[in-house]
Amino acid sequence: MLTINKLSAHVGEEVELRGWLSGKRSSGKIGFLQVRDGTGIVQAVTSRAEVSEESWSAVERVTQESTVRLRGRVNEDSRAPGGVEIHATEFGIDSLTEDYPISPKEHGVAFLMDHRHLWLRSAKQRAALAVRSEVEQAIRDYFYSNGFTLIDSPILTPAACEGTSTLFETDYFDEKAYLSQSGQLYLEPAAAAFGKVYCFGPTFRAEKSKTRRHLTEFWMVEPEVAFLEFDGLCKLAENFVCSLVERVLERCGAELEALERDTAALERVLSPFPHISYGDAIGRLVELGQDIEWGDDFGAEHETLLAADYDRPLMVSRFPASIKAFYMEPDPEDERVVLGLDILAPEGFGEIVGGSQRIHDLALLEKRVSQHKLPRQAFEWYLDVRRYGTFPHSGFGMGLERFVAWMCGAKHLRETIPYPRMLSRLYP
Ligand code: 4AD
Ligand code: MG
């Protein structure tokens, strides 16, 4: 059967469509029906004088989100969204919906989130999720065309990658297991097998605070590259981010318009990105009157302030070892800091990328595992990567929802994932 997105190639023809009613107006003589089929929305016009009594009765009875079918002629209409309109000669209801909970009036976010499974049908929600889908495909295309091998990392793991404070714990027969916070530890050995690898999947963090930038389940894409050192890592991350923004601008015009996203801000995202050190970032924040000192981690408001100086993503690097993960390589020029990189999105969308060069010296990594009080036994396999043919390597992780929120101009991550999981949200 024909779909709405293909109608413009069938002007003048008689077609049949199935879908859902998203809105209607009727004068008693003429009915205007907005029909959605998942690929688009089209207006069907019917006139009482031209259709059967049965069809007209369906036009009068049909309610929002009823399942409908119609037959009619495709007419050109330059004012309509897809450039066409249907002159319907038959209209029927397959399933009449009663009391659809989401009406065109305003609803609170908690209500909409409780009805997320239905809210997905709304125009802005569909637009944001279509952007997400495009970004996921762009990510896979980027790595595929740049010679990376996809390595699916496990979700159940015995080891903590990003600190022990945000672990979801579960019983694994007689052992303890955690839901993965990151696939990185499993990618590093694969980099020795394939050179350039990436993983892309759900990751979990038991974030106990309610913020608009944190989900407890989010998707992360992580490349890892053998013999890549810190400067190369910065270039890879910048090139990757630029290519994704370009792809969204190229292919998601209609969605960005539906979301009322100002695309001029995205068009300025060109390489090179400004790059400052953590030390300079602290200096800038103090200058801006913030109560922060060397050694403190940034909060969301600090990130927003720092990013506000620039019209494109900001790279911040060389953080104190004490605020970063155990595996980050120390800076040979200043042992207090590590070769870690964060990318902060402009316009207050926060950290989209976090990465680093990895420690490849066995003795130093062993020392870090014990300094961070990590259970040594769960990391023996990871230490093997340094025991057998160690090599410098680097990688990063990008949070898919953070990136999509930035593209869509969404203030909160919850609308960038089909079914968000947050501190107080496990339903539906
Ligand atoms: O900076 P993070 O914690 O880095 C890692 O997990 C590394 N192991 C990645 C690597 O080097 N392979 O997380 C990476 C990114 C962040 O920059 C952010 O975009 C996103 O993941 N992120 C979250 N997104 C949504 N909700 C959360 N709770 C997030 N925590 C991190
Ligand atoms: Mg980070």
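Two strands pair if DSSP finds at least two bridges between them, and strands themselves are DSSP runs (E, at least two residues), numbered from the N terminus. The model is predicted, so local features need pLDDT of at least 70 and side-chain atom pairs count only at pLDDT 80 or more, while totals for chains, interfaces and linings use all residues. Residues are numbered from 1 along each chain as its sequence is written, chains are lettered from A and ligands numbered from 1 in the order in which they are written, and side-chain values use heavy atoms, with hydrogens and water left out.

Strand β15 (residues 334-345) is largely enclosed by the rest of the structure, because nine of its twelve residues are buried (under 20% relative accessible area, 1.4 Å probe, protein chains only). Its pairings are listed below.

| Partner of β15 | Sense | Bridges | A bridge pair |
|---|---|---|---|
| β16 (residues 350-357) | antiparallel | six | G354 with D342 |

Two hairpins involve β15. The hairpin of β14 and β15 has two residues between the strands. In the hairpin of β15 and β16 there are four residues between the strands, and E347 takes a positive phi near 60°.

Elsewhere, E169, D171, D174 and E175 form a negative surface patch. Patch residues have over 30% relative accessible area and no salt bridge, with like charges joined within 9 Å; a salt bridge is a side-chain nitrogen of Lys or Arg within 4 Å of a carboxyl oxygen of Asp or Glu. E169 lies in strand β8 (residues 169-172).

Notes
Patches are made of residues with over 30% relative accessible area and no salt bridge: like charges are joined within 9 Å, nonpolar side chains (Val, Leu, Ile, Met, Phe, Trp, Tyr) within 5 Å. Accessible areas come from the Shrake-Rupley method with a 1.4 Å probe; for residues, only the protein chains shown count as cover. Lys and Arg count as positive and Asp and Glu as negative; His and the chain ends are not counted. The place of a charge is taken as NZ of Lys, CZ of Arg, CG of Asp or CD of Glu. Buried means under 20% relative accessible area, exposed over 50%, partly exposed in between (1.4 Å probe, protein chains only).
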